[in-house]
Amino acid sequence: MAGSGILAPLRWPMFRAVWAANLIGSTGWLVQGVGAAWLMTSLAGTPDMVALVQTATTLPILLFALLAGAVADLWDRRWVLLLAQLWVAAAAMALAGISALGMLNPLALLVFTFLIGTGAALNGPAWQSVVRELVPPEELAAAVTLNAIGFNLARALGPAIGGAIVATWGTEAAFLANGVAALALVAVLLFWRRRLPKDDLPRERIGSAVAAGLRYVGETPALRAILIRAGLFGIAAAAGLALLPLIARDRLGGGPVTYGLLLGAFGIGALVGAFLIHPLRQRRGAEFVVTLLAAAGGAAFVAIGLLPASRTVVVTALAVAGMAWLGSFSTFNITVQMRAAFWVQARVLALYQTVVFGGMALGSWAWGALAGVTSLEAAYLLAGTALLGGIVLHWWLPMSAAAAPDLQPAVRQEPLPAVPAGEEGPVLVEIEYEIGPADAPAFVAAMDEVGHLRRRNGALRWRVAPEPAGRHLWGEAVVLADWLKHRRLRRRMTRADAVLEARAIAYHRGHEAPRRRYLIARRHDSRFLLDEAERATLAADRAS
């Protein structure tokens with residue numbers, strides 16, 4: 001994976017300002033996390049309740065990230081980010097006030113932690129997709145890694161700061177610090193004048209936009225492999241942080257300062273590892289890195305579970321686990337961004353975050369429940385074994401080693417007929433190819449990839465078949481919900497899509513370009529183009 005030096009994106013002023021503001025916000029978020037987790041040990045000190053703090057933080061991403069991704073793709077991402085940060089600030093300050101009044105119980109703590117996580121769910125897809133606008137394409141991998149470094153620098157600073165704040169002023173001060181820190185990004189965004197591209201098409205409906213994001217990933221095998229790998233890694237890796245307060249308290253006999261220092265060791269390991277992993281990823285590729293880090297993270301967890309409890313052992317193992325954590329998730333994130341088209345990027349990233357944080361939420365609860373019925377050592381040992389077992393995915397579900405596709409919008413040459421009512425439909429597009437018998441197998445293979453791109457860009461149905469009369473004619477049929485969807489499909493075509501289409505068209509033997517025909521049904525005539533299931537899909541899309 002080609003790229004630039006890891007610090008190169010910091011030369012761009014707006015990226016630098018937003019990166020610094022996110023560092024402050026992430027530090028505040030982790031200070032709040034220390035306060036919430038430690039407060040839960042006194043409100044309800046059982047392992048499952050402590051682990052539920054981590055679940056409440058990440059569960060909103062599972063529930064709302066897809067919606068947040070659609071919002072970030074359809075509206076101005078600057079305003080989405082502003083709303084998210086103001087939400088976090090308000091929720092954190094309200095939590096501080098209720099705690100100061102002595103009205104906080106375990107349920108209320110989980111509710112407010114969930115609300116703060118909701119702001120993070122709204123923020124994540126918008127911020128991740130905005131990075132492409134702030135740096136040139138050749139520096140995207142370095143920028144994504146810097147974002148991960150920033151978060152883990154916050155992880156190194158925030159827990160230690162949080163432990164000191166909790167020990168000195170109490171948990172209310174930690175919650176208040178998070179609220180104030182969230183306002184840093186608000187200040188930066190108020191000065192950003194984002195240039196929005198002009199779009200003459202009406203905004204897509206939210207329900208349709210969410211479905212389009214799911215369809216895009218479903219029709220892109222490289223993205224499916226990344227999401228499965230990331231989700232499984234998130235489930236196993238969640239044990240590292242979810243049970244850490246109990247390691248600090250029960251195995252090491254420490255307090256909030258010890259907990260903060262352990263989280264700091266995790267963050268420092270991630271920070272140092274980033275500078276090693278980035279050039280390694282450029283030389284050896286994403287698959288090599290995630291396989292290596294699965295082995296390293298698994299070994300670290302096994303060490304915590306098997307070796308005698310000492311600060312040296314736990315700190316060293318956590319540093320290695322932090323390196324595996326950042327290196328794996330930044331690699332997954334970079335690969336997702338490199339393979340998601342601009343028009344759907346926030347939705348794809350949202351689905352990635354849903355899978356990762358959903359896995360972490362599930363893993364946090366599961367490892368906490370396991371530790372409650374067995375022991376902390378057994379939970380870490382099993383989690384480490386799961387990470388080590390993930391090495392087999394290197395052979396079973398490898399990540400694509402192909403170069404990142406060119407996702408710049410393609411320029412379409414063929415003209416479109418004028419259609420007065422944009423939402424009339426369904427639409428049937430028929431394209432006729434003349435293919436020699438010897439080229440038919442290769443043509444069908446090339447058209448299979450064309451079918452994936454048609455469906456992921458909006459087609460309800462796609463088929464290719466030969467004419468039975470023996471004239472070597474092949475027909476491609478594409479069904480879309482309406483003419484507006486067809487215009488969007490054309491707008492969504494990337495240069496990489498155009499290359500796939502041109503590869504198939506190259507087998508056409510006719511003297512002229514393949515002939516196209518458009519059949520557009522009135523809404524009451526949709527029965528002629530759609531089967532019952534497709535009519536139900538169309539009705540649901542229009543209703544949303």
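Helix 1 (residues 13-43) and helix 4 (residues 106-134) pack at an angle of about 160°, and their axes lie 12 Å apart; axes here are lines fitted to C-alpha atoms, for helices over the stretch in contact, with angles running from 0 to 180 degrees between N-to-C directions. This is a predicted model, in which local features need pLDDT of at least 70 and side-chain atom pairs count only at pLDDT 80 or more, while totals for chains, interfaces and linings use all residues. Residues are numbered from 1 along each chain as its sequence is written, and side-chain values use heavy atoms, leaving out hydrogens and water.

Helix 1 and helix 4 are therefore roughly antiparallel to each other (angles over 145 degrees count as such). Their contact (heavy atoms within 4.5 Å) involves the following residues, among others.

| Helix | Residue range | Among the contact residues |
|---|---|---|
| Helix 1 | residues 13-43 | Met14, Phe15, Trp29 |
| Helix 4 | residues 106-134 | Pro106, Ile116, Trp127 |

The residues of this contact divide into 15 nonpolar, 3 polar and no charged; Ala, Val, Leu, Ile, Met, Phe, Trp, Tyr, Cys and Pro count as nonpolar, Asp, Glu, Lys and Arg as charged, and the others, Gly among them, as polar.

Elsewhere, 4 strands form an open sheet in the order 2-3-1-4 with antiparallel pairing, where two strands pair if DSSP finds at least two bridges between them; helices (H or I, at least four residues) and strands (E, at least two) are DSSP runs, numbered from the N terminus. Strand 2 (461-466) and strand 4 (515-520) stand at the edges with a single partner strand each, so one side of each is left without a neighbour in the sheet. Strand 1 (residues 427-434) is joined to strand 4 by 6 bridges, and isoleucine 431 stands opposite arginine 516 in strand 4.

Note on methods. Angles under 35 degrees count as roughly parallel, over 145 as roughly antiparallel, 65 to 115 as roughly perpendicular and the rest as oblique.
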